[in-house]
Amino acid sequence: MATIATSQSGEIGTETAPRRPAIPRALASYIQALPLTLILGFFFVLPILTIVVVSFWDYDFAGLYPDFLTMNYADTLGSWVTWKTYLNTLKFTVLVWALTLAIGFWVAYFLAFHVRTTTMQMVLFLVCTVPFLTSNIIRMISWIPVLGRNGLVNSALIELGLIPQPIEWLLYSDFAVVLAMVHLNTLFMVTPIFNTLMRIDRSLIEAARDCGASGFQILWNVILPLAKPGIAIGSIFVVTLVMADFSTVQVMSGGQSASVALMMKNQMSLLQYPAAAANAVVLLIVVLLMVAAILRVVDIRKEL
């Protein structure tokens with residue numbers, strides 16, 4: 001910035017103030033990214049690295065011993081119980097994903113295309129979120145008096161004369177586990193799909209209708225392809241949540257079923273932390289492979 005100066009001879013001149021050195025653009029980008037990098041590194045990368053390190057340690061009933069052993073991974077991958085548990089977890093994941101996708105898509109479709117006003121869309125969407133204002137545990141155990149041997153469902157069916165005796169498999173079974181998981185996770189499928197459907201240009205649907213397309217053809221050839229990013233995001237949410245869920249499996253199956261997360265919880269209760277860490281690493285790899293497969297099919301960058 002130029003400043004005015006007067007010399008001894010009375011002449012008026014200008015002198016330039018020194019400028020601060022400019023920060024290089026590349027360095028400025030690194031400085032801007034530094035806070036987020038530190039947060040992610042401390043709260044995300046460091047815990048994962050700790051789990052990986054502990055998974056190679058030795059242990060017994062008395063404590064943990066830093067070491068580098070592959071025993072925990074050999075015990076995990078070499079046990080038929082582990083493979084059976086992973087298959088059971090994948091079964092829950094596939095069933096819950098399919099049901100939440102079917103329910104979530106049609107709920108989002110109704111809100112996006114059959115509710116006329118934006119105000120009513122938001123009101124109905126908030127109504128869908130009301131059950132999620134309570135704890136997952138409360139919503140899960142609320143199914144017990146409904147599905148129990150003397151619960152509401154069995155009592156109603158017996159009074160109507162549809163069944164002679166209570167249905168035993170409604171509670172403490174794989175059916176109860178899947179039902180509770182669908183109840184807990186459906187909103188995570190509804191929200192991204194609804195957000196994607198609201199972004200669809202309505203003129204595309206009108207153009208397809210003017211060209212003679214039927215309702216099913218519009219749904220299959222226009223709406224579904226444009227809704228794929230939202231479906232992918234919802235699928236990632238549901239898959240990761242179901243794979244890591246242990247409380248629902250433990251409570252709703254009555255201890256008769258198992259999942260990988262429940263197996264890790266039991267190992268930690270027995271102070272077998274390295275074995276649980278090895279299971280956690282394997283589970284993380286499986287989930288990442290599933291997420292990578294979803295991202296290979298759908299490019300969610302359009303949604304982000």
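## Close-up views of a predicted model

**View 1. The crossing of helices α3 and α10.** In this predicted model, helix α3 passes helix α10 in a right-handed crossing. Helix α3 spans residues 80-113 and helix α10 spans residues 215-243, and their axes, which come within 9 Å, cross at roughly 135°. The two helices are therefore oblique to each other, since an angle has to be over 145 degrees to count as roughly antiparallel.

**View 2. The residues where α3 meets α10.** On the side of α3, the contact is made by T89, L90, F92, T93, V96, W97, T100, L101, F105, W106, Y109 and F113. Facing them in α10 are L219, I223, L224, A227, I231, S235, V238, V239, V242 and M243. Sorted by class, the residues of this contact comprise 18 nonpolar and four polar ones, with no charged residue among them.

**View 3. The crossing of helices α8 and α10.** Helix α8, which covers residues 174-198, also packs against α10, with axes that come within 8 Å and cross at roughly 150°. That angle makes α8 roughly antiparallel to α10, and the crossing of this pair is right-handed. The contact of α8 with α10 is made up of 16 nonpolar and five polar residues, and no charged residue takes part in it.

**View 4. Spans annotated as transmembrane.** An unreviewed UniProt entry lists residues 33-57, 92-111, 123-144, 175-197, 218-244 and 273-298 under "transmembrane region". In the model, the span of residues 33-57 is 88% helix and 0% strand, and its end C-alpha atoms lie 34 Å apart.

**View 5. The protein chain as the setting for the close-ups.** The protein chain has 13 helices and four strands, and its C-alpha atoms fill a box of roughly 115 × 70 × 35 Å, taken along the principal axes. Its radius of gyration is 29 Å, whereas a compact globule of 304 residues would have a value near 19 Å.

Methods
Residues are numbered from 1 along each chain as its sequence is written. This is a predicted model: local features need pLDDT of at least 70, side-chain atom pairs count only at pLDDT 80 or more; totals for chains, interfaces and linings use all residues. Side-chain values use heavy atoms; hydrogens and water are left out. Axes are lines fitted to C-alpha atoms, for helices over the stretch in contact, and angles run from 0 to 180 degrees between N-to-C directions. Angles under 35 degrees count as roughly parallel, over 145 as roughly antiparallel, 65 to 115 as roughly perpendicular and the rest as oblique. A crossing is left-handed if the near helix is turned anticlockwise from the far one by less than a right angle, and right-handed if clockwise. Contact means heavy atoms within 4.5 Å. Ala, Val, Leu, Ile, Met, Phe, Trp, Tyr, Cys and Pro count as nonpolar, Asp, Glu, Lys and Arg as charged, and the others, Gly among them, as polar. UniProt positions are given in the numbering used here, feature names are shortened, and annotations may be inferred rather than shown by experiment. The radius of gyration is taken over C-alpha atoms; the globule rule is 2.2 Å times the number of residues to the power 0.38.
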